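User: I would like to go through this model by question and answer. Please keep it brisk.

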Amino acid sequence: MRSRNTVWLLAPAVALACAGNPDRQTLAGLQRVSPDVDEVRVENGPKQAIQGYREFLAEAPTSNLTPEAMRRLADLKLEKEFGVLGGEASRPKTFEAATAQHAAAPAPARIDPAAESDGAFEQRATVESIPEPTAAVADLDLPEADEVEWAGPEEAIVLYDRILAAYPGYAHNDQVLYQKARAYDELGKSDRAIAVIDELIERYPNSLYLDEVQFRRGEYFFTRRKYYEAELAYAAAVEVGKDSPFFELALYKLGWSLYKQEMHEEALHRYIALLDYKVESGYDFDQTTDDGAEQRVADTYRVISLSFSSLGGASAVTDYFAANGRREYEDRVYRRLGDFFFEKLRYQDAAEAYEAFVELNPHHPSAPQFGMRIVEIYESGGFPKLVLESKKAFAERYAMGAEYWNHVPVESAPEVVAYLRGNIEDLATHFHAVFQDEKHRDDRDSNFAEASRWYRAYLASFSEESEAPGLHHRLADLLLENEDFGEAAFEYEQTAYTYPVNEEAASAGYAAIFAHRENEKRAEQGEARETVRRQAVASTLRFVDRFPEHEHAAVVLGAAVDDLYAMQDYPAAIERGHQLIDDYEDAEPAIVRAAWAAVAHSHFDTQAYADAERGYANVLDLTANDDPTRADVTENLAAAIYKQAE
């Protein structure tokens with residue numbers, strides 16, 4: 001940091017010596033003494049300092065120290081009236097400090113962009129940023145008016161003019177001009193102040209005050225809407241270099257001066273340079289501890305969004321960074337632009353801003369969040385078709401096993417996985433519902449294909465989730481509704497028997513039997529139908545064994561026993577028939593009677609006539625006297641007895 005002569009309530013030691021020593025040395029003697037011009041704080045206040053300077057000037061009106069004493073006396077008068085300004089202690093050290101010191105209050109914390117119009121934003125973000133003094137006049141025990149004559153900035157200006165006229169070669173005349181300009185400014189004579197500043201710049205182009213006075217000129221012109229003149233002044237302040245405490249603020253206002261001239265790309269160069277500098281200086285863009293700093297960075301992003309909006313939106317951002325070099329904070333630029341458009345209810349433009357970044361940076365950690373945001377934007381805008389398309393795009397781009405996961409560990413992005421899971425379920429549910437809607441009858445095939453696709457995508461990636469059995473059941477329902485009975489039966493069985501016990505299992509197992517039976521009806525006669533029948537029986541027996549307490553277990557078991565006998569699988573028919581008879585005593589009599597009949601027939605056909613006799617006897621007991629089949633049962637019983645006699 002460059003050092004400057006600090007303007008405090010000061011006095012040189014030699015002046016204090018004159019004021020405190022009644023036996024003053026001669027002027028010649030003073031000139032033989034090496035003057036101590038180190039600046040120190042005078043604890044007794046300005047009274048002693050001013051008296052010392054005045055006595056010194058009275059004793060040595062033409063000393064080589066005279067202009068220094070005159071300058072300090074004038075500075076003291078100005079400081080008494082308005083406080084310290086112009087020294088290193090009063091200069092802001094950072095962009096944040098500079099903007100916090102202007103006449104208005106510090107930048108408000110976290111302003112909601114949606115609640116602030118563009119006009120209000122420009123007015124707030126471009127408010128005059130002249131730093132105020134950081135030190136107020138001390139609360140001093142001042143002398144009576146007749147002891148020390150206090151004068152305001154007018155007397156200080158007179159003293160400064162005397163110095164400039166009498167001592168044109170004085171080494172600190174740039175500071176004299178600086179303080180003179182300040183005095184005019186304090187008097188509200190801004191035009192006179194700027195004229196003095198212009199003189200300072202012309203006479204002392206290498207002054208240590210160059211950055212500040214150029215910045216002040218920029219503010220002067222900017223507030224008067226002389227944006228070209230402001231541009232030149234801000235640019236001069238920026239050229240002083242990054243070590244200047246005015247560098248960031250001047251760069252920021254330089255961008256605004258160009259923006260006001262509708263030179264949007266030129267303005268962007270300055271704003272991007274400012275963000276580059278923030279990165280270089282280690283600024284944490286995610287910090288939330290300094291509301292003022294955060295708001296000002298947000299303001300920079302907003303005016304960048306305004307500029308890109310004027311240049312064409314998302315495509316302009318892509319073109320800009322392609323031409324001027326990629327940046328690590330590009331995602332923030334696209335995001336802020338998207339939010340800017342969203343606040344304006346420009347939903348399509350907002351979504352395009354996010355999509356442009358994702359297309360360019362598909363494996364960036366922020367890409368999935370941008371995809372989510374696109375869905376939210378279209379939902380907010382009430383565009384169901386675009387919502388659907390954006391959900392599909394997200395599901396395809398971040399499906400488990402997609403290229404994205406070769407660059408990002410799955411465990412590092414649980415929120416993306418969770419959103420993907422819910423997104424796929426939404427897609428499956430949507431297309432299933434549309435498939436069922438008679439209004440979309442003509443599109444049933446395509447809606448069926450989409451619903452099936454997303455159900456299977458979910459099950460392929462999230463089979464371990466608790467929701468998986470329910471999704472699997474719905475897939476089977478979809479297939480059943482589409483009359484794909486064989487596939488439906490298979491998926492029902494997967495739901496019922498491949499997951500841990502769940503509430504979907506029993507209903508799925510029962511539905512699988514129904515699907516098999518429907519498939520059997522449609523199968524061609526012969527071997528094909530026989531195969532389907534065996535599948536139905538196998539599914540039934542599996543169901544009964546897994547869910548013996550199911551309310552329909554006895555009914556489906558009875559049908560399976562009949563089929564087993566019809567397929568001449570006599571041992572199985574006998575075994576399962578007795579299972580029904582023994583385990584389901586409360587079953588309907590007709591079901592039990594049919595089971596006894598299948599058992600009896602199976603024994604008879606395997607020449608176990610005694611067992612057949614017992615079976616037919618039980619069938620007869622369960623047959624009503626007026627039942628037309630009673631005679632047949634009686635005849636079968638007689639045949640079993642006859643066979644035993646043979």
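**Helix packing and burial**

Analyst: Helices α7 and α8 are roughly antiparallel to each other, a term for angles over 145 degrees. This is a predicted model, where local features need pLDDT of at least 70, side-chain atom pairs count only at pLDDT 80 or more, and totals for chains, interfaces and linings use all residues. Residues are numbered from 1 along each chain as its sequence is written, and side-chain values use heavy atoms, with hydrogens and water left out.

User: At what angle do α7 and α8 pack, and how far apart are their axes?

Analyst: Axes are lines fitted to C-alpha atoms, for helices over the stretch in contact, and angles run from 0 to 180 degrees between N-to-C directions. Helix α7 covers residues 153-166 and helix α8 covers residues 173-186. The angle is about 155°, and the axes are 9 Å apart.

User: How do the residues of the contact of α7 with α8 divide by class?

Analyst: Contact means heavy atoms within 4.5 Å. On the α7 side, Ile157 and Leu164 are among the residues involved, and they meet a set in α8 including Val176 and Leu177. Ala, Val, Leu, Ile, Met, Phe, Trp, Tyr, Cys and Pro count as nonpolar, Asp, Glu, Lys and Arg as charged, and the others, Gly among them, as polar. The division is 9 nonpolar, 2 polar and 2 charged.

User: Is Ile304 buried or exposed?

Analyst: Ile304 lies in helix α14, residues 291-311. Its contacts, not counting residues up to four places away in sequence, are Leu268, Tyr271, Ile272, Leu275 and Val333. Buried means under 20% relative accessible area, with a 1.4 Å probe and protein chains only. Ile304 has 1% relative accessibility, so it counts as buried.

User: How far apart are the end C-alpha atoms of helix α24?

Analyst: The expected span of a helix is 1.5 Å times one less than its number of residues. Helix α24 has 18 residues, 505-522, so it should span 26 Å. The computed distance agrees: 26 Å.

User: Which helices do the buried residues of α24 pack against?

Analyst: The buried residues of α24 include Ala508, Ile513 and Arg517. Their partners are α22 (468-481), α23 (485-497), α25 (527-546) and α26 (553-566).

User: How many helices and strands does the protein have?

Analyst: Helices (H or I, at least four residues) and strands (E, at least two) are DSSP runs, numbered from the N terminus. Of the 646 residues in the protein, 49% are buried. The secondary structure comes to 30 helices and 0 strands.

Key:
Buried means under 20% relative accessible area, exposed over 50%, partly exposed in between (1.4 Å probe, protein chains only). Angles under 35 degrees count as roughly parallel, over 145 as roughly antiparallel, 65 to 115 as roughly perpendicular and the rest as oblique.
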